[in-house]
Amino acid sequence: MYSSGVIIDFHTHIFPPQVRDERDEYIRRDATFAEMYADPKTKLATSEDLLEQMDAAEVGASVAVGFAWTDDELNVRHNDYLLDEAAKSDGRIVPFCTVNPAHDSAAEEAIRVARAGAKGLGELRPDSQGWSLTGEAGKELANVAKRENLILLFHVTEPVGRDYAGKQGGALTDFAEFATTHQEIPIVGAHLAGGLPFYAPMPEVRETFDHLYVDTAAQRLLYDHTAYEHLIGLIGAERILLGSDYPLVPQSLQIEELRSGVFRSSDLDLILGANAQRLLGL
Ligand SMILES: [Zn+2]
């Protein structure tokens, strides 16, 4: 039983109740949202749902990430919800907001949310939102993140393996180039960073893991349980963050996967909470 510290889930999704209640309207307005949430069986969780889940799974704090809407007006509304719910949560919800760097309004919104309490920006999906991580928009995003002390959390797509709704949207090659270029910003690659750690024996990739972290969001849907020990050998437990991708994967299930897949309790402590605590400055 993990008891050394607080459990922190670095990757959960919550939506304003309005998005859940008027799902069809948002399906019309955003192609990526439609791809991922058109099926009415795909759950849209609110902050109440998340807090209930955290109580059940004994999670102390969760990073709640926004959705990478293409229309920046939807990002602003979603950001307001994340910031309000975080403010009411007594530190249990840590807000990561979203912007669309394809629009000029992105930098201003990033500054606004940073000053209102956002710890980072995410889950960003450059290709879904129509901007390039390796172009001008990526450079500006890096600048604002550095100035405002924001962590950047990206969806990263595995270039191999089966297809699934929401897989595309963050090309691994662009992500790797961005991470190599911007060593000064803490970056989190979701879903084991699309498999980037498996290239870590390449010195130039290994180097990026000085400031780069991976989260385990949806790992159990992508890799088998041997992935964790391979990962620890490749990049070290210090670079791995518990992420469930709740409500896609229940938090208790993701925690259980880690408890059975990670052999050393010192590694498990880092992954379940200590790394996130240090990174978020909690
Ligand atoms: Zn993702």
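Two residues count as in contact here if their C-beta atoms, placed from the backbone, lie within 7 Å. The model is a predicted one, where local features need pLDDT of at least 70 and side-chain atom pairs count only at pLDDT 80 or more, while totals for chains, interfaces and linings use all residues. Residues are numbered from 1 along each chain as its sequence is written.

**View 1. Isoleucine 93 and its contacts.** Isoleucine 93 sits in strand S3; helices (H or I, at least four residues) and strands (E, at least two) are DSSP runs, numbered from the N terminus. Leaving out residues up to four places away in sequence, isoleucine 93 touches Ser47, Leu50, Ser62, Ala64, Glu85 and Ala86. It has 23 other C-beta atoms within 10 Å, so isoleucine 93 is buried. (Buried means 20 or more other C-beta atoms within 10 Å of a residue's own, exposed means 12 or fewer, and partly exposed is in between, with C-beta atoms placed from the backbone.) Leucine 51 is 42 residues away along the chain, yet its C-alpha atom is 8.2 Å from that of isoleucine 93.

**View 2. The two sides of helix H4.** H4 spans residues 47–57, and its buried residues are Ser47, Leu50, Gln53 and Met54. These cover an arc of only 125 degrees around the axis, which puts them on the same side of H4; the arc is that of the directions from the helix axis to the C-beta atoms. Turned away from that side are the exposed Glu48, Glu52, Asp55 and Ala56. Among the elements covering the buried residues are strand S1 (8–13), helix H5 (72–88) and strand S3 (93–97). Just past the end of H4, glutamate 58 has a positive phi of about 55 degrees.

**View 3. H4 against H14.** The two helices pack with their axes 9 Å apart, at an angle of about 40 degrees. (Axes are lines fitted to C-alpha atoms, for helices over the stretch in contact, and angles run from 0 to 180 degrees between N-to-C directions.) H4 and H14 are therefore oblique to each other; under 35 degrees would be roughly parallel, over 145 roughly antiparallel, 65 to 115 roughly perpendicular, and the rest is oblique. Gln53, Met54, Ala56 and Ala57 of H4 meet Gln251, Ser252 and Ile255 of H14.

**View 4. Strand S2 and its neighbours.** Five of the five residues of S2 are buried, so S2 is largely enclosed by the rest of the structure. Ala61, Val63 and Val65 lie on one side, with Ser62 and Ala64 on the other. S2 pairs with S1 in the parallel sense over four bridges (pairing takes at least two DSSP bridges), and threonine 12 stands opposite alanine 64. Four bridges also join S2 to S3, again parallel, with valine 63 opposite valine 94.
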